[in-house]
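Subject: Handover of a structure

Dear colleague,

Please find the structure below, handed over for your records.

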Amino acid sequence: MSGELLLTFAVGLLAATLRVATPLLYATIGEVLTERAGILNLGIEGIMFLGAFVGFAAAAQAVEAGLAGHLWVGLAAAVLAGVLMGLLMAFLTVTLGLNQHVSGLGITLLATALSLYGFRLVFGESSVLPSIEPFGQFSVFGDLPVLGPIFRQYGLTYLAFLVLVPLSWWVLYRSTFGLNIRAVGENPEAADAAGVSVFRVRYAAVILGAALMAVGGAFLSLAQLGAFSPGLIAGRGWVCIALVIFARWDPVRAMWGALLFGGVFALQLRLQTLGLELPFEAFLALPYLVTIGVLALAGRQVEYPGAYLKPYRRE
Amino acid sequence: MGIRVERAPAPLWIRPLLPLLAVLLTFVITAGLVMAVGVNPFTAYYYFIVEPLAGRVSAIEVLVKATPLLLTGAAVTFAFVGGYWNIGAEGQLYAGATAATAVGLLMEGVPSWLAIPAVVLAGFVAGVLWALPPALMKVKLAIDEVVTTLLLNSVALFGVSALLNGPWRNPISQWPQSPEIAASAIFPRLIPRTRLHLGFLLAIAIILVLWFVINRTAFGLRMRAVGLGPRAARFAGIRVERTVLTAALVSGGIAGVAGASQLAGIHYSLIEAISPGYGYTGIIVATLGTLNMVGVALAALFIGLIDTGAQTVSRALGVPVYLGDVIQATLLLVTLSVLLFQFYRIRWGRRAG
């Protein structure tokens, strides 16, 4: 009997782990691509938030207008918002060559403020949080016995694990675009001399990365919750910043990192609902502490992208 | 077609005007958002920057709002000048507020002349300690401080949350709120029937001291040299590691004092929302103040004005209060861009080569 209970617990935990890991995976891979091109985008926290808001607001408007496929409208709008923020970040850090971390934090502050401002404009100050019919969960394997819940997931979760991870790995290591990303991130002077447009590749990487971050945020409002609230992202973007280092700038290791954190998070949530008296904040602080610990232990052996944080100007 | 950034220093007299230009540009850029609510932007900006100064109470409130920003702005500036990118003022502030609470709770029956310095010192020391690991990692292991200081912000917040939901939880209301600190540890009010407290004077004093240190001492000279270029500074015989470490730790300590000041001056008991992001706003203040202490003081007062004005605008015209945050964030990005003109000029046209 208790074995059966444990199995149910484990299955539920695994299913939740995949759900929690999904938004982290989108945003972390977005940040990996960005940093591989030599740009640290600390706008991640704000861009996820903006993606969540714009996706939700557009979907809600589509419902009101009686449009079919409101969630796809929302997702497209979130991607667009991410692209715009990526464009701004690229303009500041690539064209103008400004300080990347201050620019990125500025983007986070701006995107967060714009979302909250927009939320008040669109939805007013109603005490009831507006909601929409979210994406549904399904299983590509039909209804399996026992293990079924693990595979009952959102389409965006399937997309993240089965398409995004292998695809981003392939792009980064097997495509010309990925080669160019790594080249401009390691040694922009050499890439430039070899005829690669450092500006264009960095723009593309930052914009693509920001779009993925926005999708990660939109997953929360359009799939997991079907609602938007000011505390929606709650530091998930910073978790991704930690995961990128933990994953040493690799999409596949980013997946393991996201799963690990997703697992820890899902576990603490479950233990909390069981009414255990534990300092759950310790679990939540874990990804940050582990990353700092990894950095401290690996020390000088951590291989940052060569041109990390360095603007490139032809002079 | 494209934009090209070329090295070309601007004449000195232009430099102090650049932040003003940034403020103007920001108001132009954000005007669209004001009009989206059907409000004339000029009316809105009147309520933003003139109306709060018209009344005695609201003008003093500007100083109240500026107090934590003076401190975090000074903290961030001190580190940035020394070439240490402390993004962790927010976490250091929380560490300071936590230690100030712990000490403040113990001050029952202790006279104010002892209790208040103890609370401030606790805040400073906790800020230093919170800033220590990333600073050591930077100096000893050459690990970039941007990410480590940033990540510790979240850790600090979780730590405070754990305390407030654990040992410090209010036993009666079950609210995540610590008990109130001893009355003798509470900062005195500078003006009766307003919220202006000792922390404001403390902030001004700290800014004056830091100005002196940066501009009039040998250490300040070394610090600025390291900030401009660690390699050249090392070549000139400066002990770069020690200088960076000092700048980082003093910065953390002052951010910690900001936490102590908000606690003992405004809230009296620790809550999770003790900072709505003062550590990050400190980066806006430092940037707008062009990394000099006089500029930081003016910038903190200006952002304090925007914070107060956002509430005035919201009350008077129904513009969502978050407009203030949008303006501040836009101001940061615009200032950062405009300050480029200090050392560069921008050329339009086809890229050469």
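What share of the contacts in chain B with a separation of 6 or more is accounted for by residues 24 or more positions apart? The share is 78%, where contact means heavy atoms within 4.5 Å.

Some conventions come before the rest. This is a predicted model, in which local features need pLDDT of at least 70 and side-chain atom pairs count only at pLDDT 80 or more, whereas totals for chains, interfaces and linings use all residues. Residues are numbered from 1 along each chain as its sequence is written, chains are lettered from A and ligands numbered from 1 in the order in which they are written, and side-chain values use heavy atoms, with hydrogens and water left out.

Chain B

Chain B contains 14 helices and 2 strands; helices (H or I, at least four residues) and strands (E, at least two) are DSSP runs, numbered from the N terminus. A compact globule of 353 residues would have a radius of gyration near 20 Å, and the 21 Å of chain B agrees with this. That radius is taken over C-alpha atoms, and the globule rule is 2.2 Å times the number of residues to the power 0.38. The C-alpha trace of chain B spans about 70 × 60 × 35 Å along its principal axes.

Of the 353 residues of chain B, 56% count as buried. Buried means under 20% relative accessible area, exposed means over 50%, and partly exposed lies in between (1.4 Å probe, protein chains only). Chain B exposes about 15000 Å², and carbon and sulfur atoms supply 68% of that area. Accessible areas come from the Shrake-Rupley method with a 1.4 Å probe, and for residues only the protein chains shown count as cover.

Chain B carries 23 positive and 12 negative side chains, and the centres of the two sets lie 14 Å apart. Lys and Arg count as positive and Asp and Glu as negative, while His and the chain ends are not counted. The place of a charge is taken as NZ of Lys, CZ of Arg, CG of Asp or CD of Glu.

Two residues of chain B may be of interest. L339(B) lies in the loop between helix 14 (323-338) and strand 2 (344-348), and it counts as buried because its relative accessibility is 14%. Leaving aside neighbours within four places in sequence, L339(B) is in contact with L18(B), T287(B) and T290(B). Its C-alpha atom is separated by 9.9 Å from that of L17(B), 322 residues apart along the chain.

Y268(B) is in the loop between helix 11 (240-267) and helix 12 (278-288). With 16% relative accessibility, Y268(B) is also counted as buried. Its phi is near 70°, a positive value in a residue other than glycine. Most residues other than glycine have a negative phi.

Chain A

Chain A has 12 helices and 2 strands, which follow the pattern α-α-α-α-β-α-β-α-α-α-α-α-α-α along the sequence. Its radius of gyration is 20 Å, close to the 20 Å that the globule rule gives for 315 residues, so chain A is as compact as a globular protein of that length. Buried residues make up 58% of the 315 residues in chain A. The mean positions of its 16 positive and 16 negative charges are 8 Å apart.

V20(A) belongs to helix 1 (residues 2-36) and counts as buried at 11% relative accessibility. Leaving aside neighbours within four places in sequence, V20(A) is in contact with G262(A) and F265(A).

G216(A), in helix 9 (residues 198-224), is buried at 0% relative accessibility. With neighbours within four places in sequence left aside, G216(A) is in contact with P23(A), Y26(A) and M48(A).

R248(A), in the loop between helix 10 (236-246) and helix 11 (251-273), has a positive phi near 45°.

The interface

How many residues does the contact take from each chain? It takes 50 residues from chain B and 46 residues from chain A. The area buried between the two chains is about 4200 Å², of which carbon and sulfur atoms give 77%. L151(B), F158(B) and Y322(B) supply 15% of the area that chain B buries against chain A, more than any other three residues. Buried area is the accessible area (1.4 Å probe) that two parts lose on being put together, summed over both.

Yours sincerely
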